[in-house]
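Here is a short report on one protein chain. Read it with the structure open.

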Amino acid sequence: MAEPNRVEREFGVPFPGRILDPDRWAQTALKAMPAGHLDWAALFGRAAPVVLDVGCGNGRYLIGSALARPDHDHLGVDVLPVVVRYARKRGNQRGLANLKFAVLGGRELLADHVAPHSVAEVHCYHPQPYYDPAKVHLRLITPSFLATVHRALAPGGRFVIQTDNPGYWKYIRAVVPVFFEFQELDGRWPDAPRGRTRREIIATQKTLPVFRAEAVRKPDLSETEAVALAESLPAPTFDADRRLRDLDRLA
């Protein structure tokens, strides 16, 4: 049994929140997706701005956001069941009714289950760069994916992106501004100077560069125009630099 009021740590950095008494735990598992779009009000029992984290890992960022912003609802997805289990467990133990986690790819979530203009924020931290040239087609950040992010966001909606891979960052800087007003961020996150994610904590402790940006949905870009632009832009076939793979093994 988890010890109530305990603070957990990863690599010496406290994990957001504390473990509550079991009678205050929540249920953060979203075990089945609907055939169509998610009904946010039905899922969370209220109408509130929705924050998505695609590739949420063990939920560190999203749990911190759910604690800090109880007036927002949060959904995190990841294709790895083991990290989603950790995320759900920690979200449950912190009693977060404004938080859900599901085993699902970010591309599938946005394309199949998110209604147009229905979410306030989409976050993507350290998408897998895939070092093997045979797997570059699996990279998440593509022009078509960015068009679906643009479609999902409400007017004024934000897209937050972060990576420690220089090749990926060069590509992100080239394509994201086509769909969004793009602002690179200097320094660390004020809310989490030691890292919003497990991966960022490791990279920061190893003094590796971490690249961050916040982007706002372009209001004058229609869905049809976004799709056409996506078809005209290059795919992410950059060299991810195999020398950087050691960080993946730790994270």
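## R69 and its surroundings

R69 touches V51, Y61, H74, N98, E121, H123 and R158, with neighbours up to four places away in sequence left aside. This is a predicted model. R69 sits in the loop between helix 2 (60-68) and strand 4. Its side chain makes a polar contact with the side chain of E121, at 2.7 Å.

Leaving aside residues within four places in sequence, L52 is in contact with W40, L75, L109, L110, V114, V119, E121, V122 and H123.

## Nonpolar cores

Which residues have the most contacts inside the largest nonpolar core? They are L52, I141 and F159, in a core of 43 residues. Helix 6 gives the most to this core, with 7 residues. A second core is separate and has 16 residues. V51, V83, L96 and Y125 are among its members.

## V54 in strand 3

V54 belongs to strand 3, which spans residues 50-54. Is V54 buried or exposed? V54 counts as buried because its relative accessibility is 1%, and the cut-off for buried is under 20%.

The contacts of V54 are V77, G106, L109, V122, H123, C124, L140 and F145, not counting residues up to four places away in sequence. E223 is 169 residues from V54 along the chain. The C-alpha atoms of the two are separated by 21 Å.

## Salt bridges

Side chains of opposite charge can pair when their charged atoms come close. A search of the whole structure finds 14 salt bridges. One of them joins the side chains of R94 and E8, with an N to O distance of 2.7 Å. The R94 and E8 pair links distant parts of the chain, 86 residues apart. R94 is in the loop between helix 3 and strand 5 (99-103), and E8 is in the segment before strand 1 (9-10). Both R94 and E8 are buried. The two also belong to a network of salt bridges that links E8, E10, R60, R90, R94 and R198.

D164 and R199 form another salt bridge, with the closest N and O atoms 2.7 Å apart. This pair, too, links distant parts of the chain, 35 residues apart. D164 lies in the loop between strand 7 (153-163) and helix 6 (166-179), while R199 lies in helix 7 (residues 198-205). Both D164 and R199 are buried. R196 pairs with D191, the closest N and O atoms being 2.9 Å apart. R196 is buried because its relative accessible area is 9%, against a cut-off of under 20%.

## Helix 7

How many residues of helix 7 are buried? The count is 6 of its 8 residues, so the helix is mostly covered. The buried ones are R199, E200, I201, I202, A203 and T204. Just after helix 7 comes T207, with a positive phi of about 55 degrees.

H126 has a positive phi of about 55 degrees although it is not a glycine. The residue lies in the loop between strand 6 (119-125) and helix 5 (143-152). H126 counts as buried because its relative accessibility is 12%.

Y130 is also found in the loop between strand 6 and helix 5. Y130 is not a glycine either, yet takes a positive phi of about 55 degrees. Why does Y130 count as partly exposed? Its relative accessibility is 25%, and partly exposed covers the range between under 20% (buried) and over 50% (exposed).

## A nonpolar surface patch

V79, L80, V82 and Y86 form a nonpolar patch on the surface. Together they have about 390 Å² of accessible area. V79 is in the loop between strand 4 (73-78) and helix 3 (81-93). V79 counts as exposed because its relative accessibility is 57%, and the cut-off for exposed is over 50%.

Terms used. Residues numbered from 1 in each chain as written. Predicted model: local features only at pLDDT ≥ 70, side-chain atom pairs only at ≥ 80, totals over all residues. Heavy atoms only, no water. Patch = residues over 30% accessible without salt bridge, like charges linked within 9 Å, V, L, I, M, F, W, Y side chains within 5 Å. Areas by Shrake-Rupley, 256 points an atom, 1.4 Å probe, with all protein chains shown as cover. Salt bridge = Lys/Arg side-chain N within 4 Å of Asp/Glu carboxyl O. Helix = DSSP H or I, 4+ residues; strand = E, 2+ residues; numbered from the N terminus. Buried < 20%, exposed > 50% of the residue type's maximum accessible area, 1.4 Å probe, protein only. Core = buried A, V, L, I, M, F, W, Y, C linked by side-chain atoms within 4.5 Å. Contact = heavy atoms within 4.5 Å. Polar contact = N/O pair within 3.5 Å; in protein donor to acceptor, adjacent residues only side chain to side chain.
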